Amino acid sequence: MGRHLLERDAELGLLADAVAGAFVGQGSIALVTGEAGIGKTSIVRTFADRVRDTSRLLLTACDDLMAPRTLGALRDAPLAADSPLAVALADDRRPDRVFPALLDELAREAPTVLVVEDVHWADDATLDLLLYAARRIESIGAVLVLTYRDSAAEAQGPLHRLLGALAGCPVRRMPLAPLSPAAVASLSAGTGRDAAAVYAITGGNPFFVTESLAAGDDALPASIVEAVLARFRQLSRPCRDALAQLSVVPSYASFDLAGRLLGPAVDVLAEAELAGVVEVRADSLTFRHELARRVVEQSLPTLLRRRLNQAVVTALRAQGRPEQARLVHHAVQAGDVATLLEIAPDAAREAAAAGAHRQALVLFESVLPYLPGLAEAEQAAVLDDAGWELYNAHRFQDAVRSGREAARRYERLGDRVAQGGCLVRVSRHLFMTGMTDEAEQVAREAVDLLGAAGDDAALAHACLYLGAILALTGRPELGVASLEVARRLAARSDQPGPAVLCLNYLGGANAELGDPTGRSDLRASIAASVSGGFYEYAARGYTNLAELLYREGRLTELDDCVRDGLSFTRERGFWSHAYNLEVHRCLLLLRRGDWAGAEAGLRLLVDSVDDPGMLFAYSEPWLARLAARRGAPAAGPQLARVWERATAQRLQIGVAYAGIAYLEWAWLADRPHTARAVADQLLPRLQHPGAALLLSEALRYLALTGVPVTALPGGPEPYASVLRGDWQSAAAQWRAVGDPYETALALAGSGRVSETLEAVRMLDDLGATAAADRVRDRLRALGSRVPRGPQRQTRANPAGLTERQLGVLRLLGAGLTNAEIADRLVLSVRTVDHHVAAVLVKLGVHSRHQARAAAADLGLTDQPELVG
């Protein structure tokens with residue numbers, strides 16, 4: 001039945017196997033991937049022809065719009081009006097109901113096959129929904145088929161995150177290869193074309209092959225553009241004019257839209273259908289391939305494209321209730337500012353409400369150049385809303401600027417309630433940038449403003465955020481007081497959302513004060529947030545609970561929290577909260593001795609976000625701490641910078657992570673002066689009961705550096721045993737939790753040769769070069785033979801630099817440019833460039849500035865030591 005595809009039998013077989021598994025209740029996901037024109041659509045359409053009589057088939061695709069329609073692909077699926085998913089999609093008031101509705105839809109008939117093409121164009125809400133279904137597909141007994149372009153899965157894009165989150169799911173991956181020379185020869189037979197030449201030019205890309213063979217010119221087209229336009233030119237002028245109009249409509253044009261655009265001229269497209277340029281589907285017209293549509297569209301003069309897009313705007317508006325995202329797309333292309341200002345803000349808010357934050361930001365930013373065309377109140381609202389979407393996009397500095405502009409407009413309007421609410425959000429943006437002092441100041445300003453305005457609902461938010469800042473920056477007593485006020489105001493104004501968020505932050509603040517109910521309050525806040533549909537609050541709950549569990553040393557509970565939290569935050573698209581939880585997953589790996597896994601995860605996080613703001617406080621201290629343990633020369637200067645930034649930001653957990661890491665480096669590098677300087681700032685911030693374990697760890701490193709310390713009365717184990725000199729108990733406890741590094745450090749404090757030798761072996765196995773060096777010094781002091789470890793660099797040259805590279809590093813440390821170094825060493829500049837690149841790699845640094853800091857740390861310059 002249906003079409004036959006060359007060299008795609010294996011992939012069609014895998015898709016058939018997926019459906020066969022679904023018949024016996026084993027659901028799965030199939031990923032059909034490849035470059036544009038490789039045949040993804042052809043394979044899924046052929047597959048659909050084969051299974052539609054035996055399975056329930058839902059076939060749909062994503063749009064190539066400026067800002068894709070929110071859940072557009074799911075809305076286009078052929079659903080019965082009373083089906084679970086159709087009913088949920090029609091209810092804009094509760095977008096959260098779409099998640100369980102999709103599962104109900106997939107389980108409605110067995111087997112159901114949902115095919116979603118071109119997910120590289122999907123909006124965020126669709127990606128979240130697909131991930132949610134994919135992680136449950138196996139038990140549902142359905143099949144999910146997704147197609148996407150390889151090139152669209154950018155390293156850090158949302159599609160890449162979805163694909164990465166499919167780990168552990170039943171996935172069949174089908175990367176489509178180009179056609180072989182034999183297949184191209186088969187297609188070329190009877191055309192008079194040289195098959196070898198066709199293959200050489202097309203590379204076996206099926207779309208390019210068929211377009212090249214269909215081109216009317218005798219000469220073989222040299223590109224897809226030439227091939228498509230050659231076929232286009234074979235058509236009559238009326239048909240070409242109709243195709244030009246159709247070409248500005250991405251993905252497809254409904255029959256209603258095509259009729260409004262073309263009138264009776266729509267019939268001339270029959271010629272294009274016969275020529276294989278367009279396809280007629282059940283309810284729409286579409287180019288045979290999106291590549292062809294784009295080629296035709298881009299060949300049109302700019303003024304003509306604008307006029308054709310304006311015709312689409314007019315036709316869409318005549319439909320009565322046009323899809324807003326489509327209307328905005330064409331208004332932008334047409335330069336229709338009036339329509340853009342009328343439609344885009346509401347379209348953006350609709351997208352944001354459904355969780356399509358990337359698309360909401362695109363829509364808001366399309367309005368910003370024309371902001372003066374709006375009334376000032378709407379200008380303020382757009383800037384305020386755009387600021388929140390910039391925050392969601394990790395563009396924290398831009399979010400601050402947009403929010404402040406909004407607040408100024410509300411102030412001019414005399415709208416104190418709106419101004420105060422806006423300032424609450426600005427405070428959040430400032431906090432995320434790491435500008436904690438300003439964040440607190442703005443939050444207090446909002447409290448004063450809203451208190452005078454007498455709006456309990458708005459004041460509840462302001463007190464909540466002020467209380468959160470106080471609690472997170474080491475002032476839990478003040479935080480609890482503000483949060484209790486917020487909770488009373490939320491209850492009085494019947495606001496369940498702020499009430500559960502108050503419980504979240506109160507749980508953390510009370511735990512900091514030693515209240516054992518703090519953990520249960522955090523867990524209760526997560527449950528209440530999920531049941532109430534406050535999913536972002538639930539994501540915050542998971543991150544705050546993870547921090548608390550790590551600080552209390554409850555690693556088994558932390559494992560469960562991280563697993564559940566990562567699943568929740570990834571499925572719902574809360575990537576900044578997933579960042580925090582991923583750090584704590586890496587900390588579990590670190591504790592269990594998987595340093596390579598922890599380092600890879602932390603490095604990916606640090607490199608993945610251009611504007612991490614306060615999130616740096618979670619990842620960078622630990623990455624630098626690992627570098628210190630491995631003896632990397634850049635670790636000291638790196639930790640000095642991390643410590644300086646953390647203390648300026650004042651986030652309690654960030655100060656603790658950075659300070660303890662810097663204390664560990666001070667011990668490893670034998671810098672007691674640095675240890676004392678750090679301790680003077682760190683220890684006063686760790687005096688609350690909830691920080692007892694962190695304080696004990698800090699005291700342990702101070703003791704190792706030779707600074708006299710006093711153990712905490714009744715302090716937490718195993719550090720209490722360490723600080724009172726009971727190395728046997730400490731080592732046994734660390735072994736029980738599976739932490740080889742801490743076990744080795746406990747054994748190294750035994751004063752016994754056999755245990756110290758065991759510690760050296762454990763540290764060598766971990767790659768803990770710096771600690772192994774310190775413990776070998778203890779063996780020498782015990783009069784023992786010191787075993788040789790793995791091949792290690794000497795103290796004078798810990799990075800394994802050649803003599804020439806050491807010379808280059810000295811001159812880098814003195815601030816010389818590459819040209820000046822070349823002149824000094826009588827080398828070519830190119831040779832010096834190579835030496836500098838090698839030095840950066842061996843030092844594990846990324847810039848000349850970091851290399852200079854490493855040179856100072858190695859004593860290769862006269863630069864002073866950084867101590868924070």
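This is a dialogue on how terms are applied to a predicted model.

Student: What are the ground rules?
Tutor: The model is predicted, so local features need pLDDT of at least 70 and side-chain atom pairs count only at pLDDT 80 or more, while totals for chains, interfaces and linings use all residues. Residues are numbered from 1 along each chain as its sequence is written, and side-chain values use heavy atoms, with hydrogens and water left out.

Student: Why is the pair of tyrosine 662 and tryptophan 665 called tilted?
Tutor: The centres are 5.7 Å apart and the planes 35 degrees apart. Tyrosine 662 and tryptophan 665 are 3 residues apart in helix H35 (residues 652-668), so about one helical turn separates them. Helices here are DSSP runs of H or I, at least four residues; strands are runs of E, at least two; both are numbered from the N terminus.

Student: Why is the pair of tyrosine 719 and tryptophan 734 edge-to-face?
Tutor: The angle between the planes is 70 degrees, over 60, and the centres are 5.3 Å apart, within 6.5 Å; therefore the pair is edge-to-face. This pair links distant parts of the chain: tyrosine 719 is in helix H38 (residues 719-723), tryptophan 734 in helix H39 (residues 727-737), 15 residues apart. Both residues are buried.

Student: How do you know that arginine 645 sits over the ring of phenylalanine 616?
Tutor: The rule asks for NZ of Lys or CZ of Arg within 6 Å of the ring centre and within 35 degrees of the ring normal. The charged end of arginine 645 is 3.9 Å from the centre of the phenylalanine 616 ring. Arginine 326 lies over the face of tyrosine 252, at 4.6 Å from the ring centre.

Student: Why are H25 and H26 called roughly antiparallel?
Tutor: Helix H25 (residues 456-472) and helix H26 (residues 476-492) pack at about 160 degrees, with axes 7 Å apart. Axes are lines fitted to C-alpha atoms, for helices over the stretch in contact, and angles run from 0 to 180 degrees between N-to-C directions. Under 35 degrees is roughly parallel, over 145 roughly antiparallel, 65 to 115 roughly perpendicular, and the rest oblique. H25 and H26 are therefore roughly antiparallel.

Student: What makes glutamate 571 buried?
Tutor: Buried means under 20% relative accessible area, exposed over 50%, and partly exposed in between (1.4 Å probe, protein chains only). Glutamate 571 has 3%, so it is buried. Glutamate 571 is found in helix H30 (residues 555-572). Leaving aside neighbours within four places in sequence, its contacts (heavy atoms within 4.5 Å) include Asp128, Arg135 and Arg136.

Technical notes
Rings of Phe, Tyr and Trp (its six-membered ring) pair if their centres lie within 6.5 Å; planes under 30 degrees apart count as stacked, over 60 as edge-to-face and the rest as tilted.
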